[in-house]
Amino acid sequence: MRLRNVPGAREMIIESDYSIQNPQEYKGKWSQEFENDHPIHIEVGMGKGKFILEMAKRNPQINYIGIEKYSSVLVRAIEKTEDFEGDNLRLIRMDAEDIENVFDHGEVDRIYLNFSDPWPKDRHAKRRLTSTRFLERYDHILATDGYVMFKTDNRELFDFSLEQVKEAGWILKDYTYDLHNSEYNEGNVMTEYEEKFSAKGNPICRLSAYRHRLEDSCI
Ligand code: SAM
């Protein structure tokens, strides 16, 4: 998703209390920024921010950080924070390729990937946010029991992602090809794309994957 140039976007991003400039400076210090040691959940490719804002409203005991590549899209998320009063949300404009420069080892408890761009051409497979290349990056920043949760209506991307999870040596926690008619739907917060595609009758796929077997760890 890339929106047309939004006049005043730059200023709005700089002025917002929720937006973070120079995110690399916060690496290893996110708890200080939030002034608590609550778990940190991030959404990579948050788009216009409906999901992360609703999650932040519902779960004040969790700190949420939304990541979006384009200012023109981020600004739409910032607009939504106008009547949000919580202090458990931060928004960053950055490319997820740099994620290890922004979060330290084990600093993140959960990563949400919602309706990530499919990059359908084989030669672009490494750009998919569920490719092994990205799973390696997530592996560095996730806590021991942290996991990735991925939703999409794109069956090809979903099947690719299931394979990549296996190839990376990650462990599937659960998955479904029809989230809205499954046992996992309770408490599901719909994203902008999820609303759009489920209204067209597309089933929504979802997987959750741990980086390694929990019984191998000391927790
Ligand atoms: N998650 C939202 C939803 O479900 O409604 C938006 C989905 S939209 C298809 C994908 C979003 O991910 C776009 O806004 C795009 O700019 C962003 N994105 C894609 N690649 C990214 C990357 N490498 N780093 C950060 N954001 C990215």
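Student: How far is an oxygen atom of the ligand from an N or O atom in the side chain of threonine 191?

Tutor: This is a predicted model. In it, the distance between that ligand oxygen and an N or O atom of the threonine 191 side chain is 2.8 Å. A polar contact is a pair of N or O atoms within 3.5 Å.

Student: Which other residues have an N or O atom, or a polar backbone atom, at such a distance from the ligand?

Tutor: Aspartate 95 is one of them: an N or O atom of its side chain lies 3.0 Å from a nitrogen atom of the ligand. With tyrosine 193, a polar backbone atom is 2.9 Å from an oxygen atom of the ligand. On its own the ligand has 600 Å² of accessible area, and the protein covers 96% of this.

Student: What does the shell around the ligand consist of?

Tutor: It has nine nonpolar, four polar and six charged residues. There are 19 residues around the ligand, and those that come nearest are Gly45, Glu68, Ala96, Thr191 and Tyr193.

Student: Where does threonine 191 make a contact within the protein?

Tutor: At the start of helix H7, residues 192-199. There a side-chain oxygen of threonine 191 comes within 3.3 Å of the backbone nitrogen of tyrosine 193. Glycine 201 follows H7 and has a positive phi, near 95°.

Student: How is a pair of aromatic rings described?

Tutor: By the distance of the centres and the angle of the planes. The whole structure has 11 aromatic pairs. For phenylalanine 51 and tyrosine 112, the ring centres are 5.0 Å apart and the planes are at 70°, so this pair is edge-to-face. Phenylalanine 51 is in helix H3 (residues 50-58) and tyrosine 112 in strand E5 (residues 108-114), so the pair links distant parts of the chain, 61 residues apart.

Definitions and conventions
Residues are numbered from 1 along each chain as its sequence is written. This is a predicted model: local features need pLDDT of at least 70, side-chain atom pairs count only at pLDDT 80 or more; totals for chains, interfaces and linings use all residues. Side-chain values use heavy atoms; hydrogens and water are left out. A residue is near a molecule or strand if one of its heavy atoms lies within 4 Å of it. A polar contact is a pair of N or O atoms within 3.5 Å; within protein, one must be able to donate a hydrogen and the other to accept it, and residues adjacent in sequence count only if both atoms are side-chain atoms. Accessible areas come from the Shrake-Rupley method with a 1.4 Å probe; for residues, only the protein chains shown count as cover. Ala, Val, Leu, Ile, Met, Phe, Trp, Tyr, Cys and Pro count as nonpolar, Asp, Glu, Lys and Arg as charged, and the others, Gly among them, as polar. Helices (H or I, at least four residues) and strands (E, at least two) are DSSP runs, numbered from the N terminus. Rings of Phe, Tyr and Trp (its six-membered ring) pair if their centres lie within 6.5 Å; planes under 30 degrees apart count as stacked, over 60 as edge-to-face and the rest as tilted.
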